Amino acid sequence: MKMFKKITVVTFAMALLFNILPSLTGFAAAATGELVSITAPKELVLDNGIAKADIIKALPKTVDAVMNPTSSNGTLDIKWTETDLDKYDAAIKVAQTFEVKGTATLGTATNPKNVPLDSKITVKISGQPLKPEWFSVASKEYNGAEQTPVVAITQEGTKAGVTAADYDANVVTATEVGKKDVTITAKGDKFSKEVKVPFEITQKPITVTGVTGVAREYNGKLNDIALEGKSAVLVGLETPDIAKVTLVTSAQATAESKDVGKRKITEPKLTIIGAASKNYKLTQPTDITVDIAPKALTVTGLVATDRIYDGTKAVALTKGVLEGVVDKEDITLKEQPKGEIASADAGQNINVTVPLVELAGKSDTKNYTVTLPTYVT
């Protein structure tokens, strides 16, 4: 008795679930009662190239049925005539349309009025989907004005049979540098779906004149040349952008050589800033030069050696330190400096002059000059 009650409760709950579930999920329950009419299914649209077996799988398994009473409305199982698809060819790229017939089965429903159980469904196979590589959209250089893309069919698209009548392209416009997608949508029966092809506004090249290198003393470096741009002019800016783009000079420009002389700047490292700067690409100038002067060295600590009168003006010098050589460079005095006095006569606290001296070493001595003390005593 207890078992009977449990089975009754469970069965009732299941029946309740199966009656409520269709309204919650959108799937209709099997039709019951007397058949009034059968509603043909909606058109079935499938992708190009689908296999025949997959078309058959995609056909609906039931059709909607109107019943008496209407509370019994539901679905009837249906068997489709698969031979109606015999003319289908998966290799055909254009759209294909077929009408497939079928016959419904009553199941637990009745048909006292002999309503025809025949139904049919239209199966449409879309044309082959468009491919992005079938189209090209030429980029355009920034010009400060609104620009519209032009869509062209590529050689691959022509081989696929695409013509201007087979698609529509949405009209997008762009002014600033960047990319926007052009959506190309199939029309007609030859093709299907849509693709997106980028349309790009590219930077406009500009040049600059009037930039100069700031002369400096030799320091053994290639890439610390300062540039002066007070008289610089940016050439090629669109008129509305003249006040929106500013040149920035670098203190780290690179010269062709670190050595003394008039040197060409190989890497100016100029940049531009401003609200409209992203729309331009600055071409680095190749005619900037800089004057690199020799570095002045000094000799300190020289000491004149007292001596006995010998009738000459020569005076021996000792000690002395060469100062100012660039770090890690090998530069020395070629020989110990020699002094000279104005008169050969004896005396005290006589001023000794130091003649010019030569430099030596493994580094290039042409990059240096030596400043000697005026007098040594």
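**Backbone, strands and pocket in a predicted model**

With a relative accessible area of 36%, K269 is partly exposed, since that value falls in between the 20% limit for buried residues and the 50% limit for exposed ones. The structure described here is a predicted model. Phi of K269 is near 60 degrees, which is positive even though the residue is not a glycine. Most residues other than glycine have a negative phi.

K328 sits in the loop between β27 (314-323) and β28 (332-333). Is K328 buried or exposed? Its relative accessibility is 82%, so K328 counts as exposed, the cut-off being over 50%.

A further backbone feature is found at P69. The peptide bond that joins N68 and P69 is cis, with omega at about 0 degrees. Most peptide bonds are trans. P69 itself is placed in the loop between β3 and β4 (74-80).

Strand β3 covers residues 62-68, and T62 is part of it. T62 has a relative accessible area of 30% and is therefore partly exposed. Which residues does T62 touch, once those up to four places away in sequence are set aside? They are T75, L76, D77 and I78. For I78, the C-alpha atom lies 5.3 Å from that of T62, while the two residues are 16 apart in sequence.

Two loop residues can be read side by side. N111 is located in the loop between β5 (96-104) and β6 (118-125). Its relative accessible area is 15%, so N111 is buried, given that buried means under 20%. Beyond its neighbours within four places in sequence, N111 is in contact with L35, L106 and L117. T286 is also a loop residue, found between β24 (280-282) and β25 (289-293). T286 has a relative accessibility of 57% and counts as exposed. Along the chain, T286 and P205 are 81 residues apart, and 15 Å separates their C-alpha atoms.

With these local features in mind, the whole protein can be considered. How many helices and strands does the protein have? There are three helices and 32 strands. The radius of gyration is 47 Å, well over the 21 Å that the globule rule gives for 377 residues, so the protein is more spread out than a compact globule. Along the principal axes, the C-alpha atoms fill a box of roughly 155 × 70 × 40 Å.

Of the 377 residues, 31% are buried. The protein exposes about 22800 Å² of surface, and carbon and sulfur atoms supply 55% of this area. When contacts between residues at least 6 apart in sequence are taken, 63% of them join residues at least 24 apart.

Finally, the largest pocket holds about 360 Å³ of space. What lines this pocket? Its lining consists of 18 residues, and those nearest the centre are T305, D306, R307, G347 and I350. Sorted by class, the lining of the largest pocket contains nine nonpolar, six polar and three charged residues.

Definitions and conventions
Residues are numbered from 1 along each chain as its sequence is written. This is a predicted model: local features need pLDDT of at least 70, side-chain atom pairs count only at pLDDT 80 or more; totals for chains, interfaces and linings use all residues. Side-chain values use heavy atoms; hydrogens and water are left out. On a 1 Å grid over the protein atoms alone, a cavity is a set of points where a 1.4 Å probe fits but cannot get out, and a pocket is an open set with protein on both sides within 12 Å along at least five of seven lines; lining residues have an atom within 4 Å of a point. Grid points are joined across faces, edges and corners, and a volume is the space filled by probe spheres set on the points. Ala, Val, Leu, Ile, Met, Phe, Trp, Tyr, Cys and Pro count as nonpolar, Asp, Glu, Lys and Arg as charged, and the others, Gly among them, as polar. Helices (H or I, at least four residues) and strands (E, at least two) are DSSP runs, numbered from the N terminus. The radius of gyration is taken over C-alpha atoms; the globule rule is 2.2 Å times the number of residues to the power 0.38. Buried means under 20% relative accessible area, exposed over 50%, partly exposed in between (1.4 Å probe, protein chains only). Contact means heavy atoms within 4.5 Å. Accessible areas come from the Shrake-Rupley method with a 1.4 Å probe; for residues, only the protein chains shown count as cover.
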